[in-house]
Structures are given as C-alpha cells and as structure tokens.
Amino acid sequence: MSSQPRMACVVATIGRPVHLDTLLRSLADQTLPPSHVIVVDQSTNTKTADVIDTWRDRLPLRRLTSARGASLGRNTGLAALGDDYDIVTFPDDDVRLAPDALANAAAAFATGDHIGVVSGAVNFPGGHRSHRISGGRRTVLTKATVRTNTIEAGCFFRAAFLRGVGGFDETLGVGNPTPWQSTAGLDLLLRGLRAGWTILFDPAIAVYETGYNGTPEDLLYRVKCRHYARGAGRVYRRHYGPRLIAPILVREMGGVVFFLATGRRRRAAWCLQQVIGILEGLTGRVFSQVRAPEPLEARRFYDTSACSATGTGEPGE
C-alpha cells in the first residue's frame with residue numbers, strides 16, 4: 001500500500017436524502033479525500049439522485065441502483081469498485097465522519113499488513129457508543145470482544161481482506177428478504193478472524209450517528225430490536241459455541257429481571273424481545289410474527305434530521 005492509500009466509500013441508501021447530504025458533506029471535508037464514493041440508491045423516487053448531483057463537483061461520486069437490502073447494496077458497490085481501491089468503508093446513510101476519520105483509518109492500517117479491518121468509534125445521540133473498550137488506545141479484537149466493539153458503519157476494510165474472505169452475506173442485514181435483519185458485519189469480521197486476519201479497534205476514528213432510532217419505551221423500537229436480535233442469533237449460531245452464547249442470554253435475561261424489579265416494564269419488554277429474537281436466530285425458527293404499523297424498511301430509514309426536537313419523524317419515502 002502506498003503512503004496515500006486509495007480510500008473508497010460505499011453507501012447503501014433508501015429514502016433519506018437529508019441524512020445522505022450530511023454524510024456526503026462530511027466526506028467532502030475529509031483531510032484525506034476519498035478516491036471513490038459509490039452510492040447505491042434503493043429508493044423509489046429521485047430525491048437521492050438530486051442530493052448526489054449537488055456534490056459531484058466536490059466528490060468522485062457514482063450512483064448505482066439495486067434491490068433492497070443493506071448487504072446487497074454494499075456488495076453491489078464493492079463489485080463496482082473492482083481493484084481500484086486499497087481501503088473501503090461502508091458508512092450508513094445516517095452518519096457523518098469526523099474530518100480526520102479517513103486519515104486516521106489509513107494511519108492505523110499502516111501499522112501492519114496483517115491488519116484486515118480497523119473499527120472506529122461510532123457515537124450515537126444521547127451518549128451511547130458502539131464499543132465497550134475504554135482507555136483511548138488501539139486494541140486488537142478477539143472473537144469474544146469483536147461483538148461488543150464494532151459496528152458496520154465504523155469499519156474500514158483492507159482490499160486484500162475482502163478479496164480473500166468475501167463480501168457481506170446477503171441473507172443477513174436490514175432489508176433482506178429473510179427474518180435475519182442484522183449482524184452481517186459481525187459475520188464478515190468473524191469470518192476474517194477465522195482466516196487469520198487481525199481486527200483493530202481505534203478510538204481516534206470518530207463516526208457520529210445523525211438519525212433518531214427510538215428508545216426502549218417506543219413500540220417500534222422494541223419490534224426493530226426483535227428483528228435485529230434474530231440476525232444476531234443467526235450469526236452466534238454460525239460462529240459461537242455455548243460458552244460464548246450463554247453469557248449473552250444471561251445478560252439479557254438479567255435485564256428483564258432488573259427492569260421488572262424496578263418497575264420499568266417497557267424496558268423489561270425490550271430485553272425480553274431481544275432474548276426471544278436471539279433464540280429465534282439460534283434455532284432458525286421464527287416463533288411468532290411481531291409486526292408494527294409499517295414495513296421494517298420504513299422504520300429503519302426515518303429521515304429525522306430536519307424534524308423538531310421532539311424526536312418524531314416521518315418516513316423518508
């Protein structure tokens with residue numbers, strides 16, 4: 001890899017033009033500019049294309065289209081890159097990157113060719129973070145720690161890693177036709193660890209979530225978590241044995257008991273939905289259909305950045 005690696009970004013998006021505009025602005029402000037930005041548009045209107053057009057003079061943009069599914073969109077963009085990149089990231093359409101995010105990722109990769117993936121710190125509204133590691137230092141992740149310290153939106157992948165390990169499993173992740181609506185990124189990372197690659201966590205790489213995802217008090221949020229937990233259980237079944245799965249279930253059941261004991265019934269229901277979802281993924285069976293008033297894709301892709309401070313929003317499409 002040269003001293004200035006070719007940094008590519010692939011964004012799968014559907015119906016969130018305001019958030020996408022914020023993301024593209026952050027990419028245009030990078031101290032190490034991206035060599036390619038591919039937006040895979042899964043929307044049914046022209047708003048996303050209009051946003052992309054406004055940034056063509058500042059970013060090396062390409063717009064592709066695909067059927068719905070985050071993993072399908074990411075793989076579509078990855079295939080379009082071919083061999084013309086050294087490092088690629090797959091930010092969600094509702095995040096923004098700190099101005100030095102790409103530069104810090106490149107610096108982390110420069111510490112060794114054995115590093116296949118570098119995970120940054122994704123920060124959510126309200127102070128929640130994508131990682132449990134503290135101390136502000138780079139840390140090598142293991143099979144046990146990668147689950148709680150990574151998220152797709154903050155991961156950067158070496159080209160050789162993806163060529164050897166493969167792309168995202170399209171039966172996992174939000175928007176795909178199966179019940180397993182999450183954790184395609186963790187599956188890819190665990191496959192990489194199995195193949196002998198090193199995965200590094202670097203808190204200097206900062207990514208910020210800009211969307212509103214709800215709270216455990218919201219019915220739609222609890223339903224979404226059930227869908228996501230199914231995908232997690234599916235991946236746990238594939239990669240983890242009972243020794244690692246049991247503490248995860250115990251922790252979630254402990255949350256049910258704790259929140260019931262403290263009178264927070266909705267939060268207890270949130271933990272319970274996650275337990276059930278994980279068990280569904282582990283067994284490969286959907287016990288019951290948990291439905292909300294609108295499709296999963298519409299819930300996942302709220303466009304709230306232009307809404308009032310109440311946190312309410314309307315679907316972007």
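Buried means under 20% relative accessible area with a 1.4 Å probe, protein chains only; exposed is over 50%, and partly exposed lies in between. The model is predicted, so local features need pLDDT of at least 70 and side-chain atom pairs count only at pLDDT 80 or more, while totals for chains, interfaces and linings use all residues. Residues are numbered from 1 along each chain as its sequence is written, and side-chain values use heavy atoms, with hydrogens and water left out.

**Strand pairing around E8**

- Helices (H or I, at least four residues) and strands (E, at least two) are DSSP runs, numbered from the N terminus.
- Strand E4 (residues 87-89) pairs with E8 in the antiparallel sense, over 3 bridges. Pairing requires at least two DSSP bridges between two strands.
- Ile-87 has Arg-158 in E8 as its bridge partner.
- Strand E6 (residues 115-123) also runs antiparallel to E8, joined by 3 bridges.
- Phe-156 in E8 stands opposite Val-118.

**Helices H1 and H2**

- Helix H1 (residues 17-28) and helix H2 (residues 47-54) have axes that come within 9 Å and cross at roughly 20°. Axes are lines fitted to C-alpha atoms, for helices over the stretch in contact; angles run from 0 to 180 degrees between N-to-C directions.
- H1 and H2 are therefore roughly parallel to each other. The cut-offs are under 35 degrees for roughly parallel, over 145 for roughly antiparallel and 65 to 115 for roughly perpendicular, with the rest oblique.
- From H1, Pro-17, Leu-20, Asp-21 and Leu-24 make the contact; from H2, Lys-47, Thr-48, Val-51, Ile-52 and Thr-54 do. Contact means heavy atoms within 4.5 Å.
- The contact residues of H1 with H2 divide into 5 nonpolar, 2 polar and 2 charged. Nonpolar covers Ala, Val, Leu, Ile, Met, Phe, Trp, Tyr, Cys and Pro; charged covers Asp, Glu, Lys and Arg; the others, Gly among them, are polar.

**Helices H6 and H7**

- The axes of helix H6 (residues 184-194) and helix H7 (residues 219-239) come within 10 Å, crossing at roughly 15°.
- That makes H6 roughly parallel to H7.
- Leu-186, Asp-187, Leu-190, Arg-191 and Arg-194 of H6 meet Val-235, Tyr-236, Arg-238 and His-239 of H7.
- The residues of this H6 contact with H7 divide into 4 nonpolar, 1 polar and 4 charged.

**Asn-75**

- Asn-75 is found in helix H3 (residues 70-81).
- Asn-75 counts as buried because its relative accessibility is 14%.
- Leaving aside neighbours within four places in sequence, Asn-75 is in contact with Gly-167, Phe-168 and Glu-170.
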